[in-house]
Amino acid sequence: MKLQLKLTIMKTKAFLLLLMIIISGCDRKQEEMKKIIFLHHSTGWNVWLGKTHRYVYKLTGRSELKTAVKFNARKHGLKCSVSERFFPKASPYGWNNYPYDYYNIWVKNAGNEAYMEEPTLEILTREYDLIIFKHCFPVSNILADTGNPDIDSSIKTLENYKLQYAALKDKMHEFPENKFIVWTPAMNVKSRVSQEEAERTKEFHDWVINEWDEKGDNIFIWDFYKLETEGELYLPEKNADGPDNSHPNKEFSAKASRDLGRFVVDVLVNKAE
């Protein structure tokens, strides 16, 4: 009788131990789920889709970038939830996603309330582990500096961009548990930008890479500009939708999707600098 009772106790302990292991494993799996949001407009939308037709995406929810992220995440046993949104929307804020606009929404109007229906970083960081954001190609139409930089100005100059980026970096540093991926600027085709504007865009790109970026922080730079221009001053026509259309074509967008998918996972598993 005592032996039977002892065996029953041992079985119960073994069952409880197994149950604890299962629960602990589930907790770890839950902890491994990373939520990613990609904020974009048209250039980003092309990269999000890659070669996936937009109607296929609407029906299935599959896109080339989402597939690339999940494919690379599986190699590391990482579970990811990847979503996208147009930011800011055309209304009520307006279809602008330049340095001033991120500064305006996330820094100047920071807080727990949305600004003109757009989520602040306080809102986004509560929901997402990794936030990816970018500017569309008109960011490359950079005017000459005036010598009077103004952080609250929407005029596209290097002096204003640098002030706005400095403020954005300080803001992102307020959320050390979150990670951010910032694209280097998208470029125009030659017919849509002057040589002076293109040279200023390259200067902005170099400044972001060599001066603004800080190694070891929670902000990571994905060098879209380098990938897109292939060392040229303008967006090459072979990567564009046409000689007068600065949107990336499907072939290049698919290539960019795969590259960004790898980079996203490298950031999540602390392999990216």
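Student: Which residue in strand 3 is the bridge partner of Ile37?
Tutor: The partner of Ile37 is Ile131. One note first. This is a predicted model: local features need pLDDT of at least 70, side-chain atom pairs count only at pLDDT 80 or more, and totals for chains, interfaces and linings use all residues. Residues are numbered from 1 along each chain as its sequence is written, and side-chain values use heavy atoms, with hydrogens and water left out.

Student: How many bridges join strand 1 to strand 3?
Tutor: There are 3, and the two strands run parallel. Strand 3 covers residues 130–133. Two strands pair if DSSP finds at least two bridges between them.

Student: And how many bridges does strand 1 share with strand 2?
Tutor: Strand 1 (residues 33–40) pairs with strand 2 (residues 79–86) over 8 bridges, also in the parallel sense. One example is Met33, whose partner in strand 2 is Lys79.

Student: How many helices and strands are in the chain?
Tutor: It has 10 helices and 7 strands. Both are DSSP runs, numbered from the N terminus: helices are H or I with at least four residues, strands are E with at least two.

Student: New topic. What share of the residues is buried?
Tutor: Buried residues make up 48% of the 273 in the protein chain. Buried means under 20% relative accessible area, exposed over 50%, partly exposed in between (1.4 Å probe, protein chains only).

Student: Is Glu64 buried or exposed?
Tutor: Glu64 counts as buried, because its relative accessibility is 19%. Glu64 sits in helix 4 (residues 64–75).

Student: What does its side chain reach?
Tutor: The Glu64 side chain reaches the backbone nitrogen of Lys51 at 2.7 Å. That is a polar contact: a pair of N or O atoms within 3.5 Å; within protein, one must be able to donate a hydrogen and the other to accept it, and residues adjacent in sequence count only if both atoms are side-chain atoms.

Student: Which residues does Glu64 touch?
Tutor: Leaving out residues up to four places away in sequence, Glu64 touches several, including Trp48, Ala254 and Ser257. Contact means heavy atoms within 4.5 Å. Ala254 and Ser257 are among the buried residues of helix 10.

Student: What caps the N-terminal end of helix 10?
Tutor: Asn249 does, with a side-chain oxygen 3.3 Å from the backbone nitrogen of Glu251. Past the helix comes Asn270, whose phi is positive, near 65°.
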